[in-house]
Amino acid sequence: KPILSKAGTFIETVNGQFVSVLTWLSGQPLGKASQPLIIDDRLGTFFRFGETLAKLHAISDHWQRPKNFSRPAWDIDGLTGPEPYWGRFWENPALNASETQLIIAARDRARNALLAQSDTLDFGLVHADVVRENVLIDGSQIRFIDFDDCGTGFRLFDIATALQKNQREPDYA
(Lines give C-alpha, C1' and ligand atoms only; values in the text may rest on other atoms or scores of the structure.)
Protein backbone atom coordinates (compact mmCIF):
# COMPACT_ATOMS: atom_id res chain seq x y z
CA LYS A 1 0.00 0.00 0.00
CA PRO A 2 1.29 3.49 -0.73
CA ILE A 3 2.39 5.65 2.19
CA LEU A 4 1.76 9.39 2.24
CA SER A 5 4.78 11.66 2.43
CA LYS A 6 5.09 14.34 5.12
CA ALA A 7 3.65 16.74 2.53
CA GLY A 8 0.58 14.51 2.19
CA THR A 9 1.28 13.17 -1.31
CA PHE A 10 2.05 9.70 -2.62
CA ILE A 11 4.81 10.83 -4.97
CA GLU A 12 7.63 13.27 -4.27
CA THR A 13 10.38 14.57 -6.53
CA VAL A 14 13.93 14.22 -5.18
CA ASN A 15 16.83 15.43 -7.32
CA GLY A 16 14.64 15.19 -10.42
CA GLN A 17 13.51 11.62 -9.65
CA PHE A 18 10.02 10.56 -8.67
CA VAL A 19 10.00 8.75 -5.34
CA SER A 20 7.25 6.80 -3.59
CA VAL A 21 7.18 4.63 -0.49
CA LEU A 22 5.15 1.45 -0.13
CA THR A 23 4.53 -0.96 2.71
CA TRP A 24 6.61 -4.13 2.71
CA LEU A 25 5.17 -7.34 1.22
CA SER A 26 5.82 -10.58 3.03
CA GLY A 27 7.32 -13.53 1.19
CA GLN A 28 10.55 -14.81 -0.27
CA PRO A 29 11.77 -14.43 -3.86
CA LEU A 30 11.03 -17.41 -6.08
CA GLY A 31 14.77 -17.74 -6.61
CA LYS A 32 17.91 -16.03 -7.85
CA ALA A 33 19.16 -15.66 -11.41
CA SER A 34 21.54 -18.37 -12.64
CA GLN A 35 20.94 -20.54 -9.55
CA PRO A 36 18.86 -23.72 -9.46
CA LEU A 37 15.36 -23.28 -8.08
CA ILE A 38 14.83 -24.64 -4.59
CA ILE A 39 11.06 -24.90 -4.13
CA ASP A 40 9.01 -27.83 -2.87
CA ASP A 41 5.89 -27.86 -5.04
CA ARG A 42 7.34 -26.77 -8.36
CA LEU A 43 4.31 -27.67 -10.49
CA GLY A 44 1.85 -26.08 -8.05
CA THR A 45 4.02 -22.99 -7.63
CA PHE A 46 4.23 -22.37 -11.37
CA PHE A 47 0.52 -23.08 -11.77
CA ARG A 48 -0.21 -20.36 -9.17
CA PHE A 49 2.40 -18.13 -10.85
CA GLY A 50 0.53 -18.39 -14.17
CA GLU A 51 -2.83 -17.99 -12.47
CA THR A 52 -1.67 -14.84 -10.65
CA LEU A 53 -0.20 -13.43 -13.87
CA ALA A 54 -3.50 -14.06 -15.68
CA LYS A 55 -5.39 -12.29 -12.86
CA LEU A 56 -3.02 -9.32 -13.10
CA HIS A 57 -3.63 -9.11 -16.85
CA ALA A 58 -7.41 -9.41 -16.41
CA ILE A 59 -7.51 -6.74 -13.69
CA SER A 60 -5.42 -4.36 -15.81
CA ASP A 61 -7.89 -4.74 -18.70
CA HIS A 62 -10.60 -3.16 -16.53
CA TRP A 63 -8.41 -0.51 -14.92
CA GLN A 64 -9.05 3.06 -16.00
CA ARG A 65 -5.66 4.57 -16.80
CA PRO A 66 -5.05 8.13 -15.64
CA LYS A 67 -5.13 10.71 -18.42
CA ASN A 68 -1.34 11.28 -18.52
CA PHE A 69 -0.38 7.63 -17.91
CA SER A 70 2.79 6.94 -19.88
CA ARG A 71 4.69 3.65 -19.92
CA PRO A 72 7.01 1.84 -22.34
CA ALA A 73 5.47 0.11 -25.33
CA TRP A 74 6.54 -3.53 -25.53
CA ASP A 75 4.87 -3.75 -28.93
CA ILE A 76 6.39 -4.87 -32.23
CA ASP A 77 8.49 -1.73 -32.61
CA GLY A 78 9.36 -1.60 -28.91
CA LEU A 79 10.78 -5.11 -29.14
CA THR A 80 12.08 -5.42 -32.72
CA GLY A 81 11.85 -2.01 -34.36
CA PRO A 82 14.71 0.19 -35.53
CA GLU A 83 14.87 1.87 -32.09
CA PRO A 84 13.65 -0.75 -29.58
CA TYR A 85 12.95 0.34 -26.02
CA TRP A 86 16.07 -1.32 -24.55
CA GLY A 87 18.28 -0.09 -27.38
CA ARG A 88 19.74 -1.45 -30.59
CA PHE A 89 20.79 -4.80 -29.12
CA TRP A 90 22.25 -6.00 -32.43
CA GLU A 91 24.89 -3.27 -32.12
CA ASN A 92 26.32 -4.66 -28.88
CA PRO A 93 30.10 -4.17 -29.14
CA ALA A 94 30.70 -7.57 -27.52
CA LEU A 95 29.25 -9.31 -30.61
CA ASN A 96 31.45 -10.35 -33.49
CA ALA A 97 30.22 -10.03 -37.09
CA SER A 98 28.66 -13.49 -37.32
CA GLU A 99 26.95 -13.08 -33.93
CA THR A 100 25.59 -9.72 -35.05
CA GLN A 101 24.15 -11.30 -38.20
CA LEU A 102 22.61 -14.10 -36.12
CA ILE A 103 20.99 -11.57 -33.75
CA ILE A 104 19.67 -9.52 -36.69
CA ALA A 105 18.22 -12.66 -38.28
CA ALA A 106 16.55 -13.63 -34.97
CA ARG A 107 15.19 -10.08 -34.55
CA ASP A 108 13.78 -10.10 -38.09
CA ARG A 109 12.25 -13.55 -37.62
CA ALA A 110 10.63 -12.46 -34.34
CA ARG A 111 9.35 -9.27 -35.97
CA ASN A 112 7.83 -11.19 -38.88
CA ALA A 113 6.19 -13.69 -36.53
CA LEU A 114 4.71 -10.86 -34.44
CA LEU A 115 3.49 -9.04 -37.55
CA ALA A 116 1.82 -12.23 -38.81
CA GLN A 117 0.16 -13.04 -35.49
CA SER A 118 -0.33 -9.70 -33.74
CA ASP A 119 -4.08 -9.57 -34.45
CA THR A 120 -4.56 -12.87 -32.59
CA LEU A 121 -2.33 -12.13 -29.57
CA ASP A 122 -3.54 -10.78 -26.23
CA PHE A 123 -2.23 -7.22 -25.83
CA GLY A 124 -2.46 -4.96 -22.81
CA LEU A 125 -0.64 -3.86 -19.69
CA VAL A 126 2.24 -6.22 -18.83
CA HIS A 127 4.65 -6.47 -15.91
CA ALA A 128 7.55 -6.95 -18.36
CA ASP A 129 10.03 -8.21 -15.74
CA VAL A 130 8.64 -11.31 -14.00
CA VAL A 131 12.08 -12.68 -13.22
CA ARG A 132 12.59 -14.86 -10.14
CA GLU A 133 13.64 -11.99 -7.90
CA ASN A 134 10.40 -10.12 -8.69
CA VAL A 135 8.12 -13.02 -7.77
CA LEU A 136 7.46 -13.40 -4.04
CA ILE A 137 6.21 -16.65 -2.53
CA ASP A 138 4.27 -16.33 0.72
CA GLY A 139 2.75 -19.70 1.57
CA SER A 140 0.36 -20.39 -1.29
CA GLN A 141 0.31 -16.73 -2.35
CA ILE A 142 2.25 -15.41 -5.35
CA ARG A 143 3.00 -11.68 -5.43
CA PHE A 144 4.76 -9.60 -8.06
CA ILE A 145 7.00 -6.66 -7.25
CA ASP A 146 9.17 -4.19 -9.18
CA PHE A 147 6.83 -2.81 -11.81
CA ASP A 148 9.27 -0.19 -13.13
CA ASP A 149 9.40 -1.88 -16.56
CA CYS A 150 5.65 -2.33 -16.89
CA GLY A 151 4.00 -1.06 -20.02
CA THR A 152 1.73 -2.12 -22.84
CA GLY A 153 2.66 -5.20 -24.78
CA PHE A 154 1.91 -8.73 -25.77
CA ARG A 155 0.90 -10.77 -22.73
CA LEU A 156 3.11 -13.59 -24.01
CA PHE A 157 6.06 -11.29 -23.21
CA ASP A 158 5.45 -11.91 -19.50
CA ILE A 159 5.18 -15.65 -20.04
CA ALA A 160 8.28 -15.73 -22.26
CA THR A 161 10.29 -13.83 -19.64
CA ALA A 162 9.35 -16.31 -16.92
CA LEU A 163 10.04 -19.30 -19.17
CA GLN A 164 13.35 -17.98 -20.45
CA LYS A 165 14.63 -17.49 -16.91
CA ASN A 166 13.82 -21.11 -16.04
CA GLN A 167 14.89 -22.97 -19.18
CA ARG A 168 17.86 -24.61 -17.46
CA GLU A 169 15.67 -26.28 -14.83
CA PRO A 170 15.55 -30.10 -15.13
CA ASP A 171 11.73 -30.13 -15.34
CA TYR A 172 11.47 -27.15 -17.70
CA ALA A 173 9.46 -29.05 -20.31
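1. Glu83 and Arg88 form a salt bridge, with 3.1 Å between the closest N and O atoms. Glu83 is exposed, at 58% relative accessibility. Arg88 is partly exposed, its relative accessible area being 31%. The model is a predicted one, and this pair should be read as part of it.

2. Across the whole structure, a search returns 11 salt bridges. The points below take up some of them, including the pair formed by the side chains of Arg48 and Asp41, at 4.0 Å from N to O. Asp41 has a relative accessible area of 42% and is therefore partly exposed, since that class lies between 20% and 50%.

3. A further salt bridge joins the side chains of Glu169 and Arg42, with an N to O distance of 2.8 Å. This pair connects distant parts of the chain: Arg42 belongs to helix 1 (residues 42-62), while Glu169 lies in the segment after helix 4 (156-164), and the two are 127 residues apart. Both Glu169 and Arg42 are buried.

4. Thr100 is a separate matter. This residue sits in helix 3 (residues 97-117). The relative accessible area of Thr100 is 17%, so Thr100 counts as buried, the limit being under 20%. Leaving aside residues up to four places away in sequence, Thr100 touches Trp90 and Leu95.

Methods:
Residues numbered from 1 in each chain as written. Predicted model: local features only at pLDDT ≥ 70, side-chain atom pairs only at ≥ 80, totals over all residues. Heavy atoms only, no water. Helix = DSSP H or I, 4+ residues; strand = E, 2+ residues; numbered from the N terminus. Buried < 20%, exposed > 50% of the residue type's maximum accessible area, 1.4 Å probe, protein only. Contact = heavy atoms within 4.5 Å.
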